[in-house]
Amino acid sequence: VFAGTSKGVARWNGDRWEACFDRQGKVLAILPQGDSLLVAFGDELLQCQPATGEVAPLASLPPKFAAATRASLAVAGGTIYLGGDSGLFALEEGQFAPVKEFGELAESDQCVRQLAVGADGELAVAAAEGLVVRSASGEWQAVKARSGKRSWYPHDVRAVAYDRAGRLWFG
């Protein structure tokens, strides 16, 4: 079990929490990725190897994340995504860049609350302006929920997840 805290990454050793790495500071987001962890830490994205304690910097976080209180990480289609109060960013060629398609769909409020990835590689974004999905083939769309003849447009979405059957859940 790993936890991102205001003092760094901690691991439960069975009896108590202990520091995972030789770095201290506020963790904005943490994401298991195979045998490693992706950690939005301070002003950078790190790839950490818990077994060895190795830490490799991957990229600087966007400047808008310097004062962030939260963030969300996801990996979809081989791309690392970072979401937070200032929008959605993708790691491209070693730098985070705003995701233009998300910006166009989110319009005035770019706030991202949570990211989730389905088994097929679909990326779901819970955002202040609604629910936005990037298909596994790379197409972006705002989700408009429908049940029979009834439909609605979700707004102020705060959470998103996929279940084992691949169904998208949001709230």
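Contact here means heavy atoms within 4.5 Å of each other. Keep in mind that this is a predicted model. With that said, let's start with a glutamate, then move on to a hairpin and some rings.

**Glutamate 122**
- You'll find glutamate 122 in the loop that links strand 12 (112–117) and strand 13 (123–127).
- Setting aside its neighbours within four places in sequence, glutamate 122 is in contact with Ala116, Val117, Val133, Arg134, Ser135, Ala136 and Tyr162.
- Glutamate 122 is buried but has no salt bridge.
- The nearest side chain of opposite charge belongs to arginine 134, and that is 8.9 Å away.

**Strands 8 and 9**
- Five of the six residues in strand 8 (residues 71–76) are buried, so the rest of the structure largely encloses this strand.
- Strand 8 runs antiparallel to strand 9 (residues 79–84), and six bridges join the two.
- Across that pairing, valine 75 sits opposite isoleucine 80 of strand 9.
- The hairpin of strand 8 and strand 9 has two residues between the strands, and glycine 77 takes a positive phi there, near 60°.

**Aromatic rings**
- Searching the whole structure turns up three aromatic pairs.
- One of them joins phenylalanine 65 and phenylalanine 89: the ring centres are 5.6 Å apart and the planes are at 75°, so the pair counts as edge-to-face.
- Phenylalanine 65 is in the loop between strand 7 (54–60) and strand 8, while phenylalanine 89 is in strand 10 (residues 87–92), so the pair ties together parts 24 residues apart in sequence.
- Both phenylalanine 65 and phenylalanine 89 are buried.

Notes
Residues numbered from 1 in each chain as written. Predicted model: local features only at pLDDT ≥ 70, side-chain atom pairs only at ≥ 80, totals over all residues. Heavy atoms only, no water. Helix = DSSP H or I, 4+ residues; strand = E, 2+ residues; numbered from the N terminus. Buried < 20%, exposed > 50% of the residue type's maximum accessible area, 1.4 Å probe, protein only. Lys, Arg positive; Asp, Glu negative; His and termini not counted. Salt bridge = Lys/Arg side-chain N within 4 Å of Asp/Glu carboxyl O. Pairing = 2+ DSSP bridges. Phe/Tyr/Trp six-rings, centres within 6.5 Å; stacked < 30°, edge-to-face > 60°.
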